[in-house]
Structures are given as C-alpha cells and as structure tokens.
Amino acid sequence: MGVATLPGNGEIATDAVATHPLVLGLQPAALVDHVAHIDWSLLDQIPGDRGGSMPVAVEELEHILKEVKAHKLASPDELSPMKTMAGGSVANTIRGLSAGFGVSCGIIGACGDDEQGKLFVSNMSFNGVNLSRLRMKQGHTAQCVCMVDELGNRTMRPCLSSAVKVQADELTMEDFKGSKWLVLRFAVFNLEVIQAAIRTAKQEGLFVSLDLASFEMVRNFKSQLLQLLESGDIDLCFANEDEAMELLRGEQTTNPEAAAEFLAKHCNWAVVTLGANGCIARHGKEEQLAINVTDAVLSFRLCPLYLHCRFKIVRVPAIGEAKATDATGAGDLFAGGFLYGLVKGLSLEECCQVGACSGGSVIRSLGGEVTPENWQWMYKQMQIKDLPLPDIRN
C-alpha cells in the first residue's frame with residue numbers, strides 16, 4: 001500500500017482504505033521508536049525511574065541513543081540488536097487492530113517532513129491504516145528510545161518537545177464522521193487537543209477509549225486525569241498495575257480490584273492489566289434502587305434499600321510466554337484485542353481473552369509491532385480458546 005505525494009491541504013493521501021474507519025486513534029505527534037536490548041547498568045546513567053516513561057530534550061535523546069548503541073545486547077532471535085519502527089501507544093493499538101484483526105482503522109495526528117516522518121507513514125500505511133487524517137508539517141517527527149532489559153522490562157525516553165503535532169483548532173467534524181470508536185492516550189501536554197477530540201467525537205456519537213499512559217503521568221497530573229474521567233465522556237479505560245496503584249495512592253484500599261472498581265465509577269468498561277498475572281475487567285455500574293419491603297424480605301432478607309448490581313467483573317489469566325522477550329506494546333496490543341472483542345459483540349471475558357492473546361503475541365519479539373509469525377501464534381491461541389477469528393489472516 002503506497003503513500004501519495006502531499007496534497008495541498010497538508011494531509012497525507014492514501015490508497016483505497018475505508019473512508020470512515022471503524023476505529024480512530026488520536027496521536028497528536030507521530031512517533032518513531034528505537035528499540036534495543038540493553039545492559040541494565042545503562043539505566044543507572046539515565047535520569048528518571050526504571051520501567052517508566054519520562055520525556056527528554058533532543059540533546060538528551062541523542063546522548064541516550066549513543067549510549068544505547070554502546071550498551072545494546074545482541075539477540076540470537078533478532079536480525080538486528082536495534083529496531084526502528086512507527087511507535088506510540090495509540091499507533092501500536094491501531095496498527096495491531098488493522099494488521100492483525102482486519103478492523104478498519106485511521107489515525108489523527110501530524111508527522112514531520114523528515115526521514116522519521118516518512119518511516120512512520122510507510123510503516124502505518126503498509127499495515128493498512130488510513131492516513132488521510134494525518135497532517136504532514138515542516139519540522140521534526142517525535143522519537144522515543146525504548147530500552148529493554150534481559151527480563152523483557154522496558155524503560156522509555158520519548159523526545160516530544162520539538163516535534164510537530166496536530167493542534168486542537170485543526171480538528172474537524174469530518175475527521176470523526178462515520179467512525180464508532182476513538183482511541184486516546186492520556187498526556188497532559190496534549191490535553192487541549194485530547195479534550196477537543198473528545199468533544200467532537202461525542203457530538204458524532206463515538207465511544208471513547210482512554211489509556212492512562214504511565215505511572216509518572218498519573219502521579220504528576222492526577223487532578224487533570226480525574227477531571228477527564230469525571231467528565232463522563234470516557235467509555236473504556238485501560239490501566240496497568242503500576243498506573244492503577246498511582247491512581248489509588250492515598251486511598252485505604254490499593255489493589256487491582258479496587259482500581260477497577262474506581263475506574264468503573266466513571267467508565268462503562270474498566271480494565272486493569274497485570275502483566276504475567278492477566279487482567280481484571282469490569283463492565284457496568286452499581287446502582288442504588290429502592291424496592292418493596294416484602295420483596296426484599298422474601299428474596300434477600302435485606303432492608304428496603306439494597307445494592308442492586310448491574311455490573312460484571314472478570315479475571316482472566318495471561319496467555320503465552322511466562323518470560324517476555326520485550327514488554328513494549330503489550331498493553332497497547334491488549335487494548336487492540338479487547339476493542340476487537342467489543343466490535344464483534346463478545347462477552348467481557350472473551351474480550352479479555354482476545355486481549356490476552358494479542359498482548360501475548362507482541363511480547364514474543366522486540367518492539368511494539370507484531371511479526372507475521374506471532375500473528376499466526378495468536379490465531380492459534382484464539383482457536384484453542386474457541387474465540388472468533390478475524391476475517392484477515394497474516
């Protein structure tokens with residue numbers, strides 16, 4: 001699938017893909033990932049917490065890339081010890097939905113007119129993603145160094161400060177028309193465009209999915225996150241265990257079940273991923289209803305007011321390798337699988353199972369893009385679980 005020359009309106013034209021994608025991803029700044037296995041000792045020389053994601057300046061990015069090249073570890077399973085590909089949480093989810101599940105997807109954002117921008121466009125269009133809403137601008141494309149240790153844990157240092165990105169006032173109703181889902185990642189530096197996208201998406205009747213991004217983002221900008229959740233506009237929320245614990249910091253109960261319950265107060269679907277321990281998901285909300293005293297006594301032996309449950313909660317184990325080659329993209333691909341389940345009308349448990357198969361597929365190799373061999377592995381796991389296979393086969 002090729003990419004045409006840049007049209008006059010600053011948007012990238014693509015070959016025949018769905019005009020109105022079922023799922024749209026908002027990634028204001030296109031991003032290119034540089035992923036490498038590294039000696040864990042390198043992280044002692046880099047500011048920030050291990051295992052997290054902390055933005056860095058251009059000079060720091062260049063310094064880290066230089067150090068990574070000096071500390072990278074060769075892997076017998078990889079042709080190259082460093083992989084470069086289109087990245088970013090939303091791009092990973094959208095690419096996986098398109099390439100692995102055959103769901104029509106598009107992305108809203110902007111990329112630079114540099115080599116990194118061309119790489120992003122080539123990678124996403126090759127995987128069938130509609131890029132008609134991706135603006136190309138003069139300037140730099142965002143980059144991120146993803147450092148993976150011998151246990152598969154990743155530490156990310158994105159450089160976003162000088163990158164081009166789509167602005168809130170550039171979004172149009174036409175961007176969202178005809179789609180059903182909008183996929184977002186929480187980022188305080190993109191809050192204005194996120195809020196604008198949510199407003200327009202809701203006007204067009206879309207469901208909204210939000211990923212909590214990183215424990216640092218939740219820790220440092222919790223009030224802004226809570227305001228977004230409390231708006232009532234988020235339909236589906238994903239958090240990993242670290243993000244969930246940060247969200248509940250200061251509360252009496254801080255466990256994944258409590259986090260799912262907390263998120264479910266604001267969202268119709270709430271999912272907390274637990275790495276090798278699977279996930280906990282909740283659908284629906286609790287409601288207080290008054291009922292007839294006689295009915296209550298006969299049915300429940302309770303008082304006239306009782307808690308009427310209109311929700312379901314499930315816990316699903318992980319699927320795949322106990323030891324990840326690289327955890328980069330695991331949550332993103334889980335989200336893609338879960339969304340595929342919702343699109344297909346599957347049960348909450350089945351959505352989680354597809355998510356677990358999808359998340360399990362990406363951790364088998366380096367980087368946030370699933371290889372053809374690992375898509376085949378995922379389809380086999382779905383067959384074993386008697387889950388509906390996508391119409392597409394890689």
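Modeller: In this predicted model, the side chain of aspartate 149 reaches the backbone nitrogen of leucine 151 at 2.9 Å. The side chain of aspartate 149 also reaches the backbone nitrogen of asparagine 153, at 2.8 Å.

Biologist: Where does aspartate 149 lie in relation to strand S6 and strand S7?

Modeller: Aspartate 149 is found in the loop that runs between strand S6 (142-148) and strand S7 (154-159).

Biologist: Is aspartate 149 buried or exposed?

Modeller: Aspartate 149 is buried, yet no salt bridge is present for this residue. A salt bridge requires a side-chain nitrogen of Lys or Arg within 4 Å of a carboxyl oxygen of Asp or Glu. For aspartate 149, the nearest side chain of opposite charge belongs to arginine 50 and is 6.8 Å away.

Biologist: Which residues is aspartate 149 in contact with, leaving aside its neighbours within four places in sequence?

Modeller: With those neighbours left aside, the contacts of aspartate 149 are His37, Ile38 and Trp40.

Biologist: How is a pair of aromatic rings described?

Modeller: Two quantities are used, namely the distance of the centres and the angle of the planes. The structure holds eight aromatic pairs. One of them is formed by tryptophan 181 and tryptophan 269, with 5.9 Å centre to centre and 50 degrees between the planes, and this pair is tilted. The pair links distant parts of the chain, since tryptophan 181 belongs to strand S8 (residues 181-185) and tryptophan 269 to strand S11 (residues 269-273), 88 residues apart. Both tryptophan 181 and tryptophan 269 are buried. Elsewhere, ring pairs join Phe101, Tyr340 and Trp375 into a cluster.

Biologist: Why does serine 98 count as buried?

Modeller: A residue counts as buried if its relative accessible area is under 20%. Serine 98 is therefore buried, because its relative accessible area is 8%. Serine 98 lies in helix H2 (residues 89-101).

Biologist: What does serine 98 touch, not counting residues up to four places away in sequence?

Modeller: Serine 98 touches Val103, Cys105, Asn127, Gly128, Val129 and Ile392. In the case of glycine 128, its backbone oxygen lies 3.4 Å from a polar atom of the serine 98 side chain. The C-alpha atoms of serine 98 and asparagine 130 are separated by 9.4 Å, and these residues are 32 residues apart along the chain.

Biologist: How many helices and strands are there in the protein chain?

Modeller: The protein chain has 13 helices and 13 strands. Of its 394 residues, 54% count as buried. Among contacts with a separation of 6 or more, 75% are between residues 24 or more positions apart. The chain exposes about 17,000 Å², of which carbon and sulfur atoms supply 50%.

Note on methods:
Residues numbered from 1 in each chain as written. Predicted model: local features only at pLDDT ≥ 70, side-chain atom pairs only at ≥ 80, totals over all residues. Heavy atoms only, no water. Phe/Tyr/Trp six-rings, centres within 6.5 Å; stacked < 30°, edge-to-face > 60°. Helix = DSSP H or I, 4+ residues; strand = E, 2+ residues; numbered from the N terminus. Buried < 20%, exposed > 50% of the residue type's maximum accessible area, 1.4 Å probe, protein only. Lys, Arg positive; Asp, Glu negative; His and termini not counted. Polar contact = N/O pair within 3.5 Å; in protein donor to acceptor, adjacent residues only side chain to side chain. Contact = heavy atoms within 4.5 Å. Areas by Shrake-Rupley, 256 points an atom, 1.4 Å probe, with all protein chains shown as cover.
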